[in-house]
Amino acid sequence: MASKQTTTLGNLENFLVRCAIRDKVDASMPQQAQTQKAQLKHIHGNGRLPNVITTDSSRPWNMNSSSGDDEAPKDPRTGGEDFTQQFTENDFEVTPPAQRVQFILGEDVDDGSHVSHPLFSEMGMLVKEGDEIEWKETARWIKFEEDVEEGGNRWSKPHVATLSLHSLFELRGLLLNGSVMLDMEANNLELVADLVCDQMVSGGTLPASVKDKVKDALLRRHRHQHEYAKKSRLPIIRSLADMRNQSSSKKDMIKSPSSHSMARQTSGTELAEQQHKGNTHFMRKIPPGAEASNILVGEVDFLERTLSCFIRLSQAAVMGDLTEVPVPTRFIFILLGPPGSQSNFHEIGRAMATLMSDEIFHEVAYRARKRDHLLAGVDEFLDAVTVLPPGEWDPTIRIEPPAAIPSQEVRKRPPELPKEEIDEEEEEQRLREESGLSRTGRLFGGLINDIKRKAPWYWSDYRDALSMQCVASWIFLYFACLSPIITFGGLLSEATGKNMAAMESLVSGFVCGMGYGFFSGQPLTILGSTGPVLVFESIVYEFSMAQGWDYMTFRFWIGMWVAVICIVLTAIDASALVCYITRFTEENFATLIAVIFVYKAIENVFVIGKTFPVNQGIYDCICTPPLHSNASVLDFAKYKWDSCESYNGTLSGTDCGRPPTENVFLMSVVLCSGTFIFSTVLKEFKNALFFPSIVRQYISDFSVLIAIFAMTFFDYSLGVPTQKLEVPHELKPTLSTRGWLIPPFSEKNPWWSAIIAVFPALLGTILIFMDQQITAVIVNRKENKLKKGCGYHLDLFVLSGLIAICSVMGLPWFVAATVLSINHVNSLKLESECSAPGEKPQFLGVREQRVTHIMIFLTIGGSVLLTPLLGHIPMPVLFGVFLYMGVASLKGLQFFDRILIMFMPAKYQPDYMFLRQVPIKRVHLFTIIQLACLIILWLIKSFSQTSILFPLMLVVMIGIRKSLDFVFTRRELKILDDIMPEMTKRAAADDLHQLDAEVGFCQKYLPCFGGRGKREPKGSLDGGLDGGNNAVALIKCNTSNANEKEFEAQSSLLKK
């Protein structure tokens, strides 16, 4: 035990000495550099390793036991020139591990055998169960570690692997002094065992007398956790070391030859391959094209020293029951030792498996051509790890997998030289051109570009809808759109003298929804009725009545002028002005509409309370016994209003014509709040701990539908006479005096009324343009990761045609509805499938398609046929849906987050990106200005006299935002008023800090190789760097010939 501790401390000391020498290197002194190289060579064991591997660029990498220093391969980027004639990789001993790893990963892979694949790592330990000795699976890794919990006989939750530095240093020592066999030609475990034993015997690390026993141990049966789970009783597993003194040990592998019962319990035979059934259920968690790395650790009685071997097969092969899942094995790590080291070996095995699951090391393992490459990978891993002090955390606590894993690309690529700063204006112009928000300089140029951009995606808009998620979105948005349409129809009936009402609204929804769904540029935008349009209609109606004109005819010409103006705006690319609608304006508008939904939902419930108060007068209705009955009045008085007749009783009283309503308001509150709570909770059910993931996903997708049906059934079962949804029964105009086509001329209207209609049409155009385009900007946010492009000009063009059709048919105008569109996008969000256990789903984008939009309004058009069913839905349930949509629309708005921050103490504030880069006082100032603008918009909307100016105030918001350039710096506005996703900015900032650190490291050491230096243009250096295509400007130093070789080795690491 003492010698083992001495060895460990020696390895640690050697590693620390090596790091110290590397940090203190001074390449400007050739003699000192040579001395340090000699010291490093001594630390590595004087260059003699048990298994020496030589390489030759003209043939595959083969195992060779000849002595001599390892030969470096040719650099594939030198155009065929022999890289080793200039310098070998031994010259990189003084370089940091990260640069050596980047050099290894930067080499081109000539064949497919060294291309990395996803890895599934499994660790097995040699244990004894009963009288049989076998390999038992104890842990597995895809991205995170899962351990077998012995007490519960089950897999643990996936967690971040926590390792001790001691185990990592021990593992590095085993890779340094143990056997390393790369590109072994073997396709079964028996052949692997033969080659490993022969190699260890030839290297002098394994006595020939115990060769057969080691082989027998390696070929023992492998039993996996899913096989134990099928047993009726819990297995009793004990270590071989605990059994070695019992009498049964006389029958174990110490006394038995390898052929004794080999056919029964070995894992390399054909019989075992046929009998082994992999864990097919877990196979769906394995990434496609994955290969396996198997870690086998155990203690045996016949060994006096530790044996280790790292094996990489030339071609992956399925090896019977070696792996839990039918995945071909590519890497095998074997660690056998004398009794008493089981726990230590277990930690070393965990360290090896964790290294193999590391994105960088596992690529190094695939590309490694000699032992030093693996050691460089371990050193780089040690440089990147974070150490937790032992007295400040509990090692028994399992760390949960993070929600997002930072990119490891910084560890792969060498630090880049400083690039020229990108012109921000040119970058913004490029983004505007990609979105179609730049003027083309020709008539209908933007429209033509939108059609070209969207045409290749048109058929995929139908194919991509083949998902249950689209069915859930369709049904949810159907109810979400139906109720506002009917409610708006009722208000429109009062405002227009029943010229347009609920029936006209349903028909308009059908016509506009179908047309927009088939031909629009952004079908994720949901059309609907809006408050400003209702105010505009009421003003036009009042003006027509005051002049004695026919309202529908005058409205016909207003609508035709609006359509013409919108077409002109499309022709001159007026939608390019949308680029001036920043986050400041769009979030003010979105927050206002969301607050309106919340306010109206609550207001409608309280209106029910005024109509049906809780504290009513005496309800004058009593159930009396029938005539000629012997029962008394008291016997029948206990029967309620709805059950009196079933007992042959008679209702008497002045209020018997209506049911009692004292419970209507309370029931309405329960239905509204219940629908909201059900929808909110079930929407987040996909992150719950219950049921399989597919069940959780379906419950989350259909959350609103489940809430509607549950609350409707609850209302039906109690029988409280709550208000129900009223849908027209017949498909005909509300007024019998009008038809479905509006005459363009009327006897009541003068001929010039068609001309002056252009003036109210201008106001209506501003209203429609702002409503439509602000909603389109919100839908097309970068946060939504849309892939099929925008269509601002095409949307406006299609909308102009729909307005013309609605004007001809006398239907309400429908424009983009902000809250409905936001909820449509949210209902179609895509997340990555969690293939690896413990991996959190990542937001991938939105399911962009047209079918949900088409089906929503197709069903709305057929709602007249569904009246018997829709009549049972209580209105408070739909008010709860409104409340849910309003609250859900506020989620993700930076403006709303900043409002909440104003009421939080600093230590409880979330780690938002803008709080990192902008002083909190400046954030609050920006929020207060934005909140003041929101209050002004609310006041203007609330009064009928000023509500018509609402669209103009949105234009004023753009001017207010422009004036903030004089209050805030450009940097502050770029952070607080942009549409860049939070997670993307955070990742970009973290990568930038990492890159700055690496560039600073290079700047620290490069002067050691040649002073100040001088920059040369690309491709100006001799040496055939592929014609200068991949070359970078290097610092040419006037140093001695001895230092030039070292400097070339260092600077080659900066190649991309």
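A residue counts as buried when its relative accessible area is under 20%, and as exposed when that area is over 50%. D183 has a relative accessibility of 7%, so D183 counts as buried. The model is predicted.

**Overall make-up**

The chain has 41 helices and 18 strands. Of its 1056 residues, 51% count as buried. Take the contacts in the chain with a separation of 6 or more: residues 24 or more positions apart account for 78% of them.

Most residues other than glycine have a negative phi. D183 belongs to strand β5, which covers residues 179–184. D573 also has a positive phi, of about 60°, and is not a glycine either. D573 sits in the loop between α22 (551–571) and α23. At a relative accessible area of 2%, D573 is buried.

**Helix packing**

Two packed helices are described by the angle between their axes and the distance between the axes.

| Helix pair | Angle between axes | Axis distance |
|---|---|---|
| α29 (residues 758–779) and α38 (residues 950–963) | roughly 55° | within 8 Å |
| α4 (residues 165–177) and α14 (residues 371–384) | about 170° | 9 Å |
| α23 and α29 | about 105° | 10 Å |

Start with α29 and α38, whose axes cross at roughly 55°. That angle makes α29 oblique to α38. The crossing of α29 past α38 is left-handed. On the α29 side, the contact involves I766, L767, M770 and I774. On the α38 side, P951, L952, L954, V955 and I958 meet them.

Next come α4 and α14, packed at an angle of about 170°. This makes α4 roughly antiparallel to α14. From α4, the contact draws on L165, L168, F169, R172, L175, L176 and N177. From α14, the partners are R371, L375, V378, D379, F381 and L382.

How do α23 and α29 pack, and at what angle? Their axes lie 10 Å apart, at an angle of about 105°. That makes α23 roughly perpendicular to α29. In α23, the contact residues are T585, E586, F589 and A590. In α29, they are D771, I774, T775, V777 and I778.

**Aromatic rings**

A pair of aromatic rings is described by the distance of the centres and the angle of the planes. The structure holds 24 aromatic pairs. One of them joins F606 and F665, with 6.2 Å centre to centre and 50° between the planes. That pair is tilted. F606 and F665 are 59 residues apart and link distant parts of the chain. F606 lies in helix α23 (residues 583–611), and F665 lies in helix α25 (residues 664–683).

Are F606 and F665 buried or exposed? F606 has 52% relative accessibility and counts as exposed. F665 has 16% relative accessibility and counts as buried.

Ring pairs also build a cluster from F543, W549, F554 and W752. Elsewhere, a charge meets a ring: the charged end of R140 sits over the ring of W155, 3.9 Å from its centre.

Where is W813 found? W813 occupies the loop between α30 (792–809) and β14 (815–816). Its relative accessible area is 2%, so W813 is buried. Leaving out residues up to four places away in sequence, W813 touches V533, F536, E537, R555, I558, G559, I768, I803, C806 and S807. W813 and T530 are 283 residues apart in sequence, while their C-alpha atoms are 9.2 Å apart in space.

D450 lies in helix α17, which covers residues 445–454. D450 has a relative accessible area of 0% and is buried. With residues up to four places away in sequence left out, D450 touches C790, G791, Y792, H793 and L794.

Terms used:
Residues are numbered from 1 along each chain as its sequence is written. This is a predicted model: local features need pLDDT of at least 70, side-chain atom pairs count only at pLDDT 80 or more; totals for chains, interfaces and linings use all residues. Side-chain values use heavy atoms; hydrogens and water are left out. Rings of Phe, Tyr and Trp (its six-membered ring) pair if their centres lie within 6.5 Å; planes under 30 degrees apart count as stacked, over 60 as edge-to-face and the rest as tilted. Helices (H or I, at least four residues) and strands (E, at least two) are DSSP runs, numbered from the N terminus. Buried means under 20% relative accessible area, exposed over 50%, partly exposed in between (1.4 Å probe, protein chains only). A charge sits over a ring if NZ of Lys or CZ of Arg is within 6 Å of the ring centre and within 35 degrees of the ring normal. Axes are lines fitted to C-alpha atoms, for helices over the stretch in contact, and angles run from 0 to 180 degrees between N-to-C directions. Angles under 35 degrees count as roughly parallel, over 145 as roughly antiparallel, 65 to 115 as roughly perpendicular and the rest as oblique. A crossing is left-handed if the near helix is turned anticlockwise from the far one by less than a right angle, and right-handed if clockwise. Contact means heavy atoms within 4.5 Å.
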